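Hi everyone, thanks for coming. Today I'd like to walk you through one structure, a piece at a time. Have a look at it first, and then we'll begin with a single helix.

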Amino acid sequence: MKLIDALAIIRRPLAEDAPLLRGFLACGFTSLHLQTFLTARLRERSPLERVEVTTGLFGDLAGNIERIQIADCDVLVVAIEWQDLDLRLGIRNLGGWRVADLPDIVNSAERMIARLEKAIRNVAGSVPVYISLPTLPLPPLFTTPSVQASVYELQLRQFVTTFAASLATHPRIRFLNAQQLDECSPPSARLDVQSELLSGFPYQLPHASVLAELLAVLVRNPTAKKGLITDLDDTLWAGILGENGVDGISWHLEKAHIHGLYQQFLASLASAGVLIAVASKNDPALVEQAFEREDLLIDKRSLYPIDVHWGPKSESVRRILKTWNIAPDAVVFIDDSPMELAEVKAAFPEIECLLFPKADWQALWQLLRRLRDLFGKAVISDEDSIRLDSIRAAAALQHSSNGGGTSLDKFLEDAHASVVITFGKENEDHRAFELINKTNQFNLNGKRLNETAWRAYLSDPTTFLMGVSYEDKYGALGKIAILLGGLQGTSARINYWVMSCRAFSRRIEQRCLSWLFEHFDLQEISFDYQPTDRNKPIQDFLSNITAAPLNSDVRVSRMSFLEKCPPLSHHTKAMVNVNG
Amino acid sequence: MDNLDNRLVRCFSSVFPDLNEDQIRNASVDSVSAWHSLASVTLIALLQEEFGLQVNLADLPNLVSFSAVQNYVRHHHVAS
């Protein structure tokens with residue numbers, strides 16, 4: 001992005017009531033074009049959001065962070081450069097580069113790092129923080145030739161790395177990946193000496209643009225994909241199962257090693273909660289045998305469903321999506337055949353279809369990098385680790401309730417379901433925030449909340465946050481429903497209500513309302529309802545309990561609800577903190 | 001008006017969005033209150049980006065009006 005384009009983006013008109021993101025760019029240099037590029041990149045990523053990026057004083061990075069007014073800031077972006085640790089590590093200051101000065105420079109940098117760490121931790125208690133470590137070269141102040149790393153330089157780098165590794169464990173602090181920055185902005189083309197000396201802005205424009213772009217991605221990262229559907233022959237393994245036989249397929253031999261890497265990568269994704277399924281034109285019995293091989297690098301239990309037949313792959317994909325109950329746009333399909341990719345893409349344009357490069361090792365590297373970007377998540381939650389088990393449990397539940405000749409009442413009773421309700425507000429409830437922002441089907445109105453709005457909502461003393469976790473004999477689903485609303489006398493208003501599709505058909509939605517009616521002795525619950533393209537499940541539910549056309553102010557009386565509520569057999573435990 | 005002129009007006013317009021084209025052509029440090037040091041630095045960066053110029057520090061005090069910048073760009077752009 002050129003500076004002129006960034007200025008144009010910033011000046012694009014927006015609705016006056018557009019939500020506002022208030023960012024603070026903390027840096028010790030003149031923020032100038034980095035501020036412009038960062039504002040533009042954030043606008044670009046959230047076109048309907050107003051973005052204001054403010055900055056602090058020149059030459060006082062730590063002080064700028066220490067002085068932040070938390071209430072006026074939604075995100076903190078910190079761009080650290082070496083001179084922020086000690087002015088003598090820059091070129092604007094003439095404090096001395098004598099040999100005798102070097103130990104003092106290192107010591108003072110270490111003290112400044114400690115001060116920065118404390119200040120950043122303090123802010124991160126309330127506001128998400130995004131940090132780039134020094135991107136510019138150290139000046140030639142060390143006595144060694146450039147090719148040799150000075151012990152002082154190594155110590156400085158160690159301090160910075162230790163600082164980052166320590167802070168990165170904090171749930172609200174994220175660091176820009178230096179490797180990614182190096183790939184996009186050559187280190188030798190970053191420092192602008194004249195600009196640094198003339199205006200205190202040390203970056204060449206292309207570097208400022210790239211740095212701002214990556215920081216904006218860090219702040220407004222894209223929603224991660226949820227599932228990957230893979231082919232088998234010449235993809236998960238080398239060889240054609242039907243021709244080479246179970247012992248003829250490979251992934252260890254020199255030529256087949258990229259398939260081993262791919263298996264290892266899929267196992268990594270699965271362990272992070274990504275759903276992995278198989279769509280293959282093959283003999284099901286042979287595939288079953290192939291998956292018995294003990295040297296596979298991905299556990300067969302990590303693959304679900306395994307859909308094997310001789311029909312079109314789009315049929316497999318359709319069945320897999322139904323089993324997973326997720327939308328096509330959350331899925332990646334991988335196959336070595338361009339024809340199969342085209343067939344699936346024609347049926348599901350929203351699916352990202354990627355070619356497995358069976359004969360191009362370099363392309364495999366690019367594929368793995370691409371997949372890491374598509375599936376990467378800032379935080380792995382407990383729910384990620386049980387997602388596949390809960391989908392298997394849902395399938396078992398569906399199978400049992402359909403096939404056993406048992407009524408749903410009896411089936412649910414036998415499931416020994418337990419529901420845990422937490423009623424109270426926790427800023428750090430990452431799962432609740434995630435559910436609000438990714439659930440589509442059982443979603444009261446499709447409204448999303450950015451971190452600013454989330455914090456504002458929770459800080460409002462008149463609102464509540466209700467979370468619901470579920471477990472039955474088929475397995476735990478973790479936290480699967482969130483309700484946000486307010487209580488007033490004998491009525492409640494629900495502004496947000498989402499429930500994971502994994503939790504359907506267990507009468508958890510009825511339990512939520514039943515508990516609210518009973519616990520707070522309510523006479524009426526009203527809903528801030530809006531239809532969306534995808535929220536039919538909640539439309540059906542509300543229609544059923546109101547028995548009236550739905551409008552934006554759906555109201556359900558206690559009596560009406562109790563008349564229509566089916567038997568609820570969950571064991572319910574509640575933890576209530578009304579003031580929390 | 002030639003292409004170089006158009007590009008130069010576009011650069012000025014990015015820094016001074018409230019000025020129309022006539023006002024830009026007559027703009028100077030004295031007549032435009034928004035033409036402060038920060039605007040100068042941004043303008044120089046835009047010239048650098050748009051025309052591939054490396055503005056010499058010694059020339060900065062002379063770049064105080066649209067016509068001065070125009071002459072500077074014409075001279076250095078043609079020479080480059």
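Let's start with helix H20 of chain A, residues 508–519. It has 12 residues, and from its first C-alpha to its last it reaches 16 Å, close to the 16 Å expected at 1.5 Å a residue. Please keep in mind that what we're looking at is a predicted model.

Which residues of H20(A) are buried? They are A:Ile508, A:Glu509, A:Arg511, A:Cys512, A:Leu513, A:Leu516 and A:Phe517. If you follow the chain just past the end of H20(A), you come to A:Asp521, which takes a positive phi of about 50 degrees.

Now let's zoom out to the whole of chain A. There are 22 helices and 18 strands in chain A, and its C-alpha trace spans about 85 × 70 × 40 Å along the principal axes. Chain A has 580 residues, and 37% of them count as buried. Here is another way to look at the fold: take the contacts in chain A with a separation of 6 or more, and 72% of them come from residues 24 or more positions apart.

How is chain A divided into domains? The domain assignment gives domain 1 as 3–219, domain 2 as 227–375 and domain 3 as 405–576. Between domain 1 of chain A and domain 2 of chain A, the C-alpha centres are 41 Å apart.

Next, over to chain B. Two packed helices are described by the angle between their axes and the distance between the axes. Our pair here is helix H1 of chain B, residues 3–15, and helix H3 of chain B, residues 37–51. They pack at an angle of about 145 degrees, and their axes are 10 Å apart. The crossing of H1(B) past H3(B) is right-handed. On the H1(B) side, the contact is made by B:Arg7, B:Cys11, B:Ser14 and B:Val15. H3(B) brings B:Ala39, B:Thr42, B:Leu43, B:Leu46, B:Leu47 and B:Glu50. Sorted by class, this contact has six nonpolar, two polar and two charged residues.

Finally, where do the two chains meet? The contact takes 12 residues from chain A and 10 residues from chain B. On the chain B side, the elements giving two or more residues are H1 and H3, and H3(B) has the largest share, with five residues. By class, that side of chain B divides into six nonpolar, one polar and three charged residues.

Note on methods:
Residues numbered from 1 in each chain as written. Chains lettered and ligands numbered in written order. Predicted model: local features only at pLDDT ≥ 70, side-chain atom pairs only at ≥ 80, totals over all residues. Domains from an automatic or database assignment. Axes fitted to C-alpha atoms, helices over the stretch in contact; angles between N-to-C directions. Helix = DSSP H or I, 4+ residues; strand = E, 2+ residues; numbered from the N terminus. Left-handed = near helix turned anticlockwise from the far one by under 90°. Contact = placed C-beta atoms within 7 Å. Nonpolar A, V, L, I, M, F, W, Y, C, P; charged D, E, K, R; others polar. Expected span 1.5 Å × (residues − 1). Buried ≥ 20, exposed ≤ 12 C-beta atoms within 10 Å, placed from the backbone.
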